[in-house]
Each structure stands twice: as structure tokens, then as C-alpha cells.
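Here's a quick briefing to read with the model open. Have a look first, then go through the notes below.

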Amino acid sequence: MTLSNYNYFGSSFPGFSVMDRYISRELIMPFLFGMGLFTSLGIAIGTLFDLVRKVTESGLVLHIAVKVLLLKMPEFIVLAFPMAVLLASLMAYSRLSSDSELIALRSVGVNVYRLVIPAIIFSLLITVLTFLFNNFVAPAANYQATITLERALNEEEPAFKEENIFYPEYRKVEAENGEKRRVLSRLFYAEQFNGKEMQGLTILDRSQEEVNQIITAQSAICDFGDNTCDFFNGTIYLIAPDGSYRNIVRFERQKLQLPKTPLNLANKGRDYNEMNLVQSYEYLNILRLSGDEKKIRKLKVRIQEKIALPFVCLVMGVLGAAMGCRPQNKGKATSFGICVVVIFSYYLLAFLTSSMGILGVFSPFMAAWLPNFFGLTAGGLLLVKAAN
């Protein structure tokens, strides 16, 4: 072993020994290989075949298909990060083990826990990178891919539907004793929104001091840019604050300005993988007003999964290093086979716990983090076994 020949990081990483730099170098090449392999497989299975079908059957222009393919790539890069970390740590430590380099290091007093530190640090760096990609790059790219594809195919069908859009708006009033309290200012309800038109609308408007009004309309088309809606075939009931009758106005078409939030409720057409954490929490606050517990619970699970996903890199790094330190793991083919089994088992467990979370069996936190806890525990046990 010629550890002294390796000085790839120079003195820019204080505290990094020659052994650390040597092991880190062993991790980099398998990691890059894994990124290329798993990203290519993911994008081929998840997007490429579907785009080829759209080009041949739906007439999608080729350069648009290439653009969509590139926009979808960050999503699969995010998924490839943990797999590549597992493959890198497993192959690196298996190679060191098969060439008896681990035995040599342990014979001079370096224990297994010290040996895996470079893999853990490497995994933490990839965890940060995965978070940045998963939260900032992939959601924006996925959304642009969806928009690009819809425009290219001239899809007339609405991409989503919402039902029972409900939004109460409050304002603060000052009582005679100077105390401020919240009172209902406006209550908005729409039976259905098909992506273009809202139907079955009722608005109770108490925002004006002199008069209250109740607006009903069969349908409305909204301009989400300036927060206005054209109401069709409706009636406006004007009521004095004391409850006495004022007037009734029937209309065929009436333009009204609405607060932004109910329009956000109707216009929120992004999928879960098209929203970053801030947008997800904003949507959660909006969704809570609708009272749809199933959607709220599902979004909570998805938010926790978005936070937990980057830490899969750390889990895979510990697991790969622990398994690689075992002397029976030899050869790249064996490492790749173990990698596939571990990845399949992990994502199967993640799918099951996610489903349990959406059904309400697990809390959103446990549904997202339980596979990570299980993987870290398994990795810790394997490390203890390898150390003994």
C-alpha cells in the first residue's frame, strides 16, 4: 500500500490524514460511476420511454422532448445521489478489504469506526448537495418541464380539479374598551374548480361598514394575475348591518376583485414534486382552510419526506462502509448486487411507511423518517459486528 503517494487534497483540509485522503479518493470514482449509471437508468425508465411515445404517437417536437428530458434530469439526479453513495462506499471498502489493506490498517491500531469516518464525511457533503438539488433545482425544473410539455401538446384538458374551495377572511376591529378582536370579513366558497372555471360560488362579504352583501353565481372565470373574477349568471343581495333588506341585483356578468388566497386555493396546480419546502408550507397553510384532512395529511407526509430524503445519503454511506468492511464482500459484481438489494429493500420500506403515513397509521414524521432510523440502526449494528 502506498498511502504516502496520495496527496490529492494537499493541505487544504486540515485534520485530514493521508489515510483519509486515500480512502476519499477511493470513494470518488465509484461515486461518479454510480451517479452516471443510476441517473441514466432512472431517466430512461421514468421519462425517456414516455417522451419517445409522445414523439411518435402525439407528434411532440423532438427539440421540445430533449428540453423536457433535460428539465426532468435533476429529479433523477436527486434519487441517484443516495444510490451512488451506497455504491461508492461499498465498492471502496470492499476493495480495501479484498486487498487486505483494511487488515494492514487495523494491525497498526486503526479501528473500524475510524476507518469509516471519511465515508461519513463524504456522505454528509452529498447530503447537503442533495438537499440543495431537491429543494431548489428539481422542483423548479419539474414545474418548467410540466408547463413546457403541456404547451407543446396543446393539452386542453385541465391538469387538475379542486372541490369545495372554502376560505374565510378575517379583519381586526377595535371594541369600545380598546380591545382588538378578529371578526369575519369575507367568506368565499366554490363547489368546484376544473382548472379554468369555478362553479357554484357563494361569497358573504362583510368588508364594508355600511352594507353587507351576499353574492351567488353559477360560474366564474378568474384572472390570477390581477386577482379579479368575471362572475356569470348570479345575484347580489345587499343587506344593511341591522339585517334589513336593501336591494337585489341580478347580473349576467359582473367583474369583482377577490383577495388573493381563495384564488391561490383554486390555482394551486403544482404537484408535490414541483414545490420546494417554502411553497409546500404555504400550500399547507392554504390547504388547512379547506378542511380536507386527507390532502393535509398527504402533504405533511410529502413535506417530511422532502426533508428526510437527503439524509438517505448518510444512511447509505454508513451501510455501504459497514458492509464493505466485512471480509466476505469481494469484487465489483458482488458490491453492485448488494447495492441493488439494499436500494430495493430501502425504497420498498419507504413506500410502505409513506402509505401508512397517508392512511394515518403513522405520523407524518415517522412515515418519512422510519426508514432512515432503521437503516442507521442496521448500519450501526453491522459496524459493531465488523469491529468485533
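Is F133 buried, partly exposed or exposed? F133 comes out as partly exposed, because its relative accessible area is 23% and the buried class stops at under 20%. Keep in mind that this is a predicted model.

**Aromatic rings**

- There are 9 aromatic pairs in the structure.
- One of them is F81 with F133, an edge-to-face pair with 5.8 Å from centre to centre and 75° between the planes.
- That pair ties together distant parts of the chain, since F81 belongs to helix 2 (residues 62-98) and F133 to helix 5 (residues 117-153), 52 residues apart.
- F365 and F373 make a tilted pair, because their planes meet at 50° with the ring centres 6.3 Å apart, and edge-to-face would take an angle over 60 degrees.

**How the helices pack**

- Helix 2 and helix 5, the two that carry the F81–F133 pair, have axes that come within 7 Å and cross at roughly 160°.
- Helix 2 therefore runs roughly antiparallel to helix 5, as angles over 145 degrees fall in that class.
- The crossing of helix 2 past helix 5 is left-handed.
- Helix 1 (residues 18-57) and helix 5 have axes that come within 14 Å and cross at roughly 20°.
- So helix 1 is roughly parallel to helix 5, given that the class covers angles under 35 degrees.
- Helix 1 and helix 5 make a right-handed crossing.

**Helix 8**

- Helix 8 covers residues 293-308, which is 16 residues, and spans 22 Å from its first C-alpha to its last, close to the 22 Å expected at 1.5 Å a residue.
- Its buried residues are I296, L299, V301, I303, Q304, K306 and A308.

**A charge over a ring**

- R302 is placed over the face of Y272, 5.9 Å from the ring centre.

Notes:
Residues are numbered from 1 along each chain as its sequence is written. This is a predicted model: local features need pLDDT of at least 70, side-chain atom pairs count only at pLDDT 80 or more; totals for chains, interfaces and linings use all residues. Side-chain values use heavy atoms; hydrogens and water are left out. Helices (H or I, at least four residues) and strands (E, at least two) are DSSP runs, numbered from the N terminus. The expected span of a helix is 1.5 Å times one less than its number of residues. Buried means under 20% relative accessible area, exposed over 50%, partly exposed in between (1.4 Å probe, protein chains only). Rings of Phe, Tyr and Trp (its six-membered ring) pair if their centres lie within 6.5 Å; planes under 30 degrees apart count as stacked, over 60 as edge-to-face and the rest as tilted. A charge sits over a ring if NZ of Lys or CZ of Arg is within 6 Å of the ring centre and within 35 degrees of the ring normal. Axes are lines fitted to C-alpha atoms, for helices over the stretch in contact, and angles run from 0 to 180 degrees between N-to-C directions. Angles under 35 degrees count as roughly parallel, over 145 as roughly antiparallel, 65 to 115 as roughly perpendicular and the rest as oblique. A crossing is left-handed if the near helix is turned anticlockwise from the far one by less than a right angle, and right-handed if clockwise.
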